[in-house]
Structures are given as structure tokens and as C-alpha cells.
Amino acid sequence: MAATNDWMQSALQHYREQRERIIEQLPPDLLFELRAAEVMIRKLEQDLGTSPQVVFSDPPYSSAAAQISASPLAGKTPVKPTEIRADEFFAMTISDAARAYLNRVGHAVSLEEMLEKLKAGGCKVGGANPKHTLYISLVRNTRDFVPTGNGFIGLRSFYPGLRVAAVKNADKQKKKVKHKGRGKSKTSKKLLAKKEPKPLKAPPEETLAHKTVYGMLGDGEFHSKDAILKAGEDAGVKAIAIHGILRAKDLEVKGDSYRLKAH
């Protein structure tokens, strides 16, 4: 029994020293190793009845053995910590700051969390309703950001399946066009060849007013005209342009409020 205790004491000292070395560096990629060492230390301290050394007050670094062993992150690179420095997003645009934060956490977050972290990092998010200002700023940038539903937003790069789905849909459309063309007779082809093709009309450009209104109404809820006009004002859109978008047929009107019609 004494020999077992001596071995456990030596092991405990080894893992304590390992923990101290990790603490001195503490880059994100060593976070999982630190947690594993903490598990062993806690287990040995419990078995020996030794008073635990409190090194961290932050629970994620001293989680219980059962939580770590059952964690899906075991053997994988852990999620990077999301503590924000007061100047981390200082002098950055809303889009740049949001992109930096999302790349750091690696998954979609709620607008409330995004707003809190950006402001904590020194990014200026103004307007009468900062949450709307943030949402409009991000949904306008469809190249980088994508709403994932329930008020969450992520980076398009998180979802490679979106690009795959778009390619598959394009292929289906091409196949349909080819299939329709096979049933035409030679006479009809000659008649079509004689007709001069009409110039195609360019699709209407999606204006900032359109993006503002549809971005705000994208949550499926009713929003008052005043709130929509205010969002347009914050985005630098004239009221007359907003009124024009509100006449669209795919908008549902209830009193003085609007929302997108359910499809």
C-alpha cells in the first residue's frame, strides 16, 4: 500500500509539473493537453485524499474527469477560448470584426453574442438599434456571412455543402434544358434559327434598399414601417427607396407592419 501511495505521489508531482509548463505557454492548441493533465491531477488528488491545488478559477480548465472522457473533443483540436481583449476589434469594420470572431470560435453564434463580443473588443456598432445595424451589415455581405436560422449567423466557409448544393442545382437545370431540346423536330429548329434572338434583359440589381428590407424581414416576424425606415436610415438608404421595396408582392402587410410571406 505504501509503495502504491509513493507511486501515486510521484505521478501527481509529474502531472503538476507538466501543468506548470503548459501554463507558461498556454497557446490554444495545447488547451486539450492541459485539460487531460488536470483530469489526472484531480483523480490522483481524490485517490490520495490530498487537498487540490487551485490553479485556475476558470471552470473550463479544471473540468471533471467524466466530462473530459465523454467529451466529443477528445483527441481533437479544442475550440479556441473566446476571451476578448478590450482592443481586439478596435478600428475594425463590423464585417472584419465579425469575421475575425467567427473564425476564432469556429461556429455560428447568436446576434446577441456577436454584438456583445464585438463591443467588448472595441468595435463600434452604432445606430438606434445596434443589433439591427449588426444584422444588416452582415447579411449584406453574402459572400462571407450566412444566416443559419433562429437569430444565428455564421461564415459561409463553415458550410461547404452550400456550394455543393448550388452546383447540383445548376447541373439539374442544365439536364432539364437538354432533355427538352431533344424532342424538337428539324422543322421547328429551322424556324427557330430564322428568328433573331431577342436581347436578354439583365436581372434587376439587388439594391441596398432591397438588402436592408429583406435582411430585416428575414426572421419571418412582423416589423413596423417606422422600424424598417429607421434601419434604412442607419444603412444610408433614402426613405423613398424603402417605400418602393415595401410594395413588393412577397411581403405580407398587417396594419402598419410588414413581414415576408411564408412559402
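Is Phe 158 buried, partly exposed or exposed? In this predicted model, Phe 158 has a relative accessibility of 23% and so counts as partly exposed (buried means under 20% relative accessible area, exposed over 50%, and partly exposed in between, with a 1.4 Å probe and protein chains only). A search of the whole structure finds one aromatic pair. Here, rings of Phe, Tyr and Trp (its six-membered ring) pair if their centres lie within 6.5 Å, and planes under 30 degrees apart count as stacked, over 60 as edge-to-face and the rest as tilted.

Residues are numbered from 1 along each chain as its sequence is written, and side-chain values use heavy atoms, with hydrogens and water left out. Because the model is predicted, local features need pLDDT of at least 70 and side-chain atom pairs count only at pLDDT 80 or more, while totals for chains, interfaces and linings use all residues.

Helices (H or I, at least four residues) and strands (E, at least two) are DSSP runs, numbered from the N terminus. Beyond its neighbours within four places in sequence, Leu 118 is in contact with Phe 89, Ile 94, Ala 97, Ala 98, Tyr 101, Cys 123 and Leu 134 (contact means heavy atoms within 4.5 Å).

Two helix pairs complete the picture. The axes of α4 and α5 are 10 Å apart, and these helices pack at an angle of about 105°; α4 and α5 are therefore roughly perpendicular to each other. On the α4 side the contact includes Tyr 101 and Leu 102, and on the α5 side Met 114 and Leu 118. The axes of α6 and helix α9 (residues 208–216) come within 9 Å and cross at roughly 120°, so α6 and α9 are oblique to each other. Axes are lines fitted to C-alpha atoms, for helices over the stretch in contact, and angles run from 0 to 180 degrees between N-to-C directions; those under 35 degrees count as roughly parallel, over 145 as roughly antiparallel, 65 to 115 as roughly perpendicular and the rest as oblique.
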